[in-house]
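Dear colleague,

I am passing on the structure below, together with some notes on what came out of it. Please read them with the coordinates open beside you.

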Amino acid sequence: MEIFLIFMVILFVAFCVYSNGSGARKYAGGIHNRSHEKGKVRYSYRVPYTRQQVVGMLCQKSGKDRLDYEFDEEKMEICLSNKYYAQADAVSLFAQGTADKGRMTKGKWFDVTVEEREEFSILKVTEQGFLTPRTASEVFGLMNAFFVEKLGAVPYEA
């Protein structure tokens with residue numbers, strides 16, 4: 001009986017890992033745009049816009065956005081979270097007094113860099129820390145879809 005339970009747990013974990021990555025693979029179009037730098041995950045995208053245009057687009061939120069997010073254009077940081085968990089956790093965060101001086105604490109924070117080229121730019125999104133809050137559980141699986149839909153980005157070989 002114990003072996004059966006262990007086997008079921010392993011199958012469940014494998015399913016979760018696969019389903020989380022399948023969304024990322026779908027929008028990546030076979031391109032491996034995820035890399036690791038100093039132990040942190042980085043996603044790379046090719047965008048048909050300048051840095052200024054990318055910043056402007058990220059400042060304009062939409063109800064159609066795949067992820068809930070907060071963008072700090074001065075620091076070039078973005079916090080992404082699963083919008084379906086965001087409401088319940090936002091209430092509990094404020095109730096517990098853990099909100100960080102106006103910054104969203106319910107998601108995963110990333111540094112954003114835009115390297116302009118002649119005809120396009122390279123957008124790099126690098127995680128800031130290793131810990132991932134529960135509300136950010138689907139962020140990595142939905143990042144490709146978010147940036148493809150939000151910025152017309154194309155995953156770029158990392």
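Strand E4 is joined to strand E5 (residues 108–116) by four bridges, the two strands running antiparallel, and within this pairing Cys 79 lies opposite Trp 109 of E5. Please bear in mind throughout that this is a predicted model.

E4 also pairs with E3, again in the antiparallel sense, here over five bridges, and Tyr 69 faces Leu 80 of E4 across that pairing. E3 and E4 make up a hairpin in which four residues lie between the strands, and Met 76, in the turn, has a positive phi of about 55°.

Because five of the five residues of E4 (residues 77–81) are buried, the strand is largely enclosed by the rest of the structure. In a regular strand the side chains alternate between the two faces of the sheet. In E4 both faces are covered, with Glu 77, Cys 79 and Ser 81 buried on one side and Ile 78 and Leu 80 buried on the other.

Turning to the charged side chains, I find five salt bridges by the rule applied here. One of them is formed by Lys 150 and Asp 65, with an N to O distance of 3.2 Å; this pair links distant parts of the chain, since Lys 150 belongs to helix H4 (residues 139–151) whereas Asp 65 sits in the loop between helix H2 (51–59) and strand E3 (68–72), 85 residues apart. Are the two partners buried or exposed? With buried meaning under 20% relative accessible area, Lys 150 is buried at 14%, and Asp 65 is likewise buried at 9%.

A further group of charged residues involves Glu 115, Arg 117 and Lys 124, which are linked in a network of salt bridges. The side chain of Glu 115 meets that of Arg 117 at 3.5 Å, N to O, and it meets that of Lys 124 at 3.2 Å, N to O. As for accessibility, Arg 117 counts as partly exposed at 41% and Glu 115 counts as partly exposed at 30%, whereas Lys 124, at 18%, counts as buried.

In going through the model, you might begin with E4 and its pairings with E3 and E5, and then turn to the salt bridge between Lys 150 and Asp 65 and the network around Glu 115, Arg 117 and Lys 124.

With best wishes

Methods. Residues are numbered from 1 along each chain as its sequence is written. This is a predicted model: local features need pLDDT of at least 70, side-chain atom pairs count only at pLDDT 80 or more; totals for chains, interfaces and linings use all residues. Side-chain values use heavy atoms; hydrogens and water are left out. A salt bridge is a side-chain nitrogen of Lys or Arg within 4 Å of a carboxyl oxygen of Asp or Glu. Buried means under 20% relative accessible area, exposed over 50%, partly exposed in between (1.4 Å probe, protein chains only). Two strands pair if DSSP finds at least two bridges between them.
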